[in-house]
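Trainee: Please take me through one part of this model closely. I would like one connected account.

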Amino acid sequence: MLTKEQILTWLEEVKDPEIPVLSLIDLGVITDVTVSENDEKVTVEMTPTFSGCPAMDYMKRNVEEVLAKNGVQNFEVRMSFDKPWDSNKISEKGKIALKNFGLAPPPEYNLILDLDILEHVNCPYCNSDNTDLKTPFGPTLCRSMHYCNNCRQMFEQFKPL
Amino acid sequence: MNTEALKDLLYKIADDQLILGHRNSEWTGFGPILEEDIAFSSMAQDKLGHSLAFYSLLHELGESDPDTIAFTRNANQFHNSQLVELPIGEYDFSLIRHFLFDNAEILRFDMLTRSSYTPITTVATKLKGEVKYHVLHANTMIKQLGSSTEEAIGRLQNSLNEALPYALGIFEPSKYEAELIADGIYEGEEKLKAAWLENIKKVLSQTQLELPDLTTITPKNGGRYGEHTEHLQPLLDEMAEVFKIDPTAEW
């Protein structure tokens, strides 16, 4: 009998293609996994980080491939906004992985986005908060660009959403 | 629930996003500075994602699939406001349009988070967070450039005067306005316009730009009913060029 835990372990292998150190589980985009009792059908529920993110289709295909590779025959991967993603859904492990990758992790916040949250980001290289927001847009939809006045380097942040 | 009214609402929102998304993408590779090139390109990508979300809601209501809706209609079947179809012009015009449009869009999404039609509230709740970044970008740039050099202020003022009649066309009431309000689906264009005006005034008051007297301006309406400027059809032809040659093409 397949279990949710077993499937989640397999899915650890699927990474965000733009941030290859971060698994989809740690990113928080896998919102549910169910195994139906009668026919062992596996349903994986996913939700996009940003609605226009071109990597989502790719991630969905990777999830399907991992299920197939592990011998699951009857499965469905569904993408919806039913449990919408926000940046608080990134796990602690995921935040550490982001920082080690050189991306400032999004701060835990009350989901009311104001300028203060974006303007005082800790530099992932030297931890200083003497940083400036340069632009709320970056090389991918989920990143903003900042400058650290302490270590004098540009860095990117995974944007709070 | 009046399905026709609901579809009309979804079409105008989705079409605004698709067309402005396409216009924003025309800045890719041409932005005046790298950060603005990236900003307009990112917003283009977001807006296409937003239009997909709303076209998907239409698909659930029995309309064609999102690609067919996006790529096979002619200009007179589009419900976008004329503001979004205008050419990108120079950077000052695109910035002013982005400021005027996104300040309305975020309030529209906020209203829709309270809609009686649950599928809309789900989508609006998600997208509101993304549009916040668009508004943050627009307001920051307007505040900075709108109080900088004489040339910047003069250019922005001209673009504001030019764009404003079209921006008022965003709020052209639908023929289903009363039903949408009565059913609790949408709070209506009048209310949206009032809230929008208050917000853009707040930003403009921190600059040397002046909001023209709105009572002297005739809104450029018609877009919501399929009447468009000569600029929309060429945009659609370009956007759908590959799809029309080969609808199954992948890239």
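Trainee: Look at chain B: what radius of gyration would a compact globule with 251 residues have, and what does chain B have?

Mentor: This is a predicted model, where local features need pLDDT of at least 70, side-chain atom pairs count only at pLDDT 80 or more, and totals for chains, interfaces and linings use all residues. Residues are numbered from 1 along each chain as its sequence is written, chains are lettered from A and ligands numbered from 1 in the order written, and side-chain values use heavy atoms, without hydrogens or water.

Now your question. A compact globule with 251 residues would have a radius of gyration near 18 Å, and chain B agrees because it has 18 Å. That radius is taken over C-alpha atoms, and the globule rule is 2.2 Å times the number of residues to the power 0.38. The C-alpha atoms of chain B fill a box of roughly 55 × 45 × 30 Å along the principal axes.

Next, the fold. Chain B has 11 helices and 0 strands. (Helices are DSSP runs of H or I, at least four residues; strands are runs of E, at least two; both are numbered from the N terminus.) In chain B, 80% of the contacts with a separation of 6 or more join residues 24 or more positions apart. Contact means heavy atoms within 4.5 Å.

Then the inside. Of the 251 residues of chain B, 57% are buried. Buried means under 20% relative accessible area, with a 1.4 Å probe and protein chains only. The accessible surface of chain B is about 10500 Å², computed by the Shrake-Rupley method with a 1.4 Å probe. Carbon and sulfur atoms hold 53% of that surface.

Now the core. The largest nonpolar core has 120 residues. (Such a core is a set of buried Ala, Val, Leu, Ile, Met, Phe, Trp, Tyr and Cys residues joined through side-chain atoms within 4.5 Å.) B:Phe54, B:Leu100 and B:Trp196 are among the members that touch the most others, and so are A:Val44, A:Met46 and A:Val63. Helix α5 (residues 91-112) of chain B gives the most to this core, with 13 residues.

Finish at B:Leu100. Leaving out residues up to four places away in sequence, B:Leu100 touches B:Leu160, B:Ala163, B:Leu164, B:Ala167, B:Ile170, B:Trp196 and B:Ile200.

Notes. Buried means under 20% relative accessible area, exposed over 50%, partly exposed in between (1.4 Å probe, protein chains only).
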